[in-house]
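Trainee: Hi! Could we go through this structure together?
Mentor: Happy to, let's take a look.
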Amino acid sequence: MNTLTKENHGNVSETVEGKDQKLTTRVYSPNVDVLETEEAILFFVEMPGVDQSSVDISIEKDQLILEGKFVPVEESRGQVRLAEYREGNYYRKFTIGKAIHSDKATAKMKNGILELTIPKMEPKKTKIEIQK
């Protein structure tokens with residue numbers, strides 16, 4: 001899809017300075033499928049373990065930013081032998097090259113998949129008269 005540019009593919013870490021210490025937070029780059037219909041652009045974003053209240057979706061100009069925070073559930077069910085789940089943030093940024101209705105976008109979260117639908121604007125037709 002040549003009208004959509006993605007950024008930040010791959011996992012990275014960022015360092016956040018707190019009051020007394022520096023904390024390294026893992027930043028995950030979730031897998032995303034993007035589909036385009038005549039009416040809308042659809043995003044399917046993998047965000048397993050992310051509560052929908054921590055998901056933030058923003059569109060400014062032609063930039064779509066998807067963010068979410070993952071905090072693993074801490075349970076004391078036994079001694080940890082292997083722990084691959086780590087707290088972190090999800091982050092992806094896209095440049096959308098099409099005219100869209102960002103105010104009509106809808107999103108829902110189901111089974112760890114964020115489904116975002118952004119309706120496209122109909123092309124505006126303008127007739128230009130040639131001056132005599």
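Mentor: One term before we start: a salt bridge is a side-chain nitrogen of Lys or Arg within 4 Å of a carboxyl oxygen of Asp or Glu. Also, this is a predicted model, where local features need pLDDT of at least 70 and side-chain atom pairs count only at pLDDT 80 or more, while totals for chains, interfaces and linings use all residues. Residues are numbered from 1 along each chain as its sequence is written, and side-chain values use heavy atoms, with hydrogens and water left out.
Trainee: Which residue does E87 pair with?
Mentor: E87 forms a salt bridge with K69, and their closest N and O atoms are 3.1 Å apart. The pair links distant parts of the chain, since E87 is in the loop between β7 (63-70) and β8 (88-96) and K69 is in strand β7, 18 residues apart. Strands here are DSSP runs of E with at least two residues, numbered from the N terminus.
Trainee: What about K108?
Mentor: K108 meets E115 in a salt bridge, 3.9 Å from N to O. K108 is exposed, with a relative accessible area of 52%, and E115 is partly exposed at 26%.
Trainee: New topic! How many helices and strands are there?
Mentor: The chain has zero helices and ten strands. For helices, the rule asks for DSSP runs of H or I with at least four residues.
Trainee: Which strands form the open sheet?
Mentor: Four of them, in the order β4-β5-β10-β9, with antiparallel pairing. Two strands pair if DSSP finds at least two bridges between them. The edge strands, β4 (32-36) and β9 (106-110), each pair on one side only.
Trainee: How many bridges join β4 and β5?
Mentor: Five, in the antiparallel sense, with β5 covering residues 40-46. As an example, V34 has F43 in β5 as its bridge partner.
Trainee: Last one: how much of the chain is buried?
Mentor: Of its 132 residues, 27% count as buried.

Methods. Buried means under 20% relative accessible area, exposed over 50%, partly exposed in between (1.4 Å probe, protein chains only).
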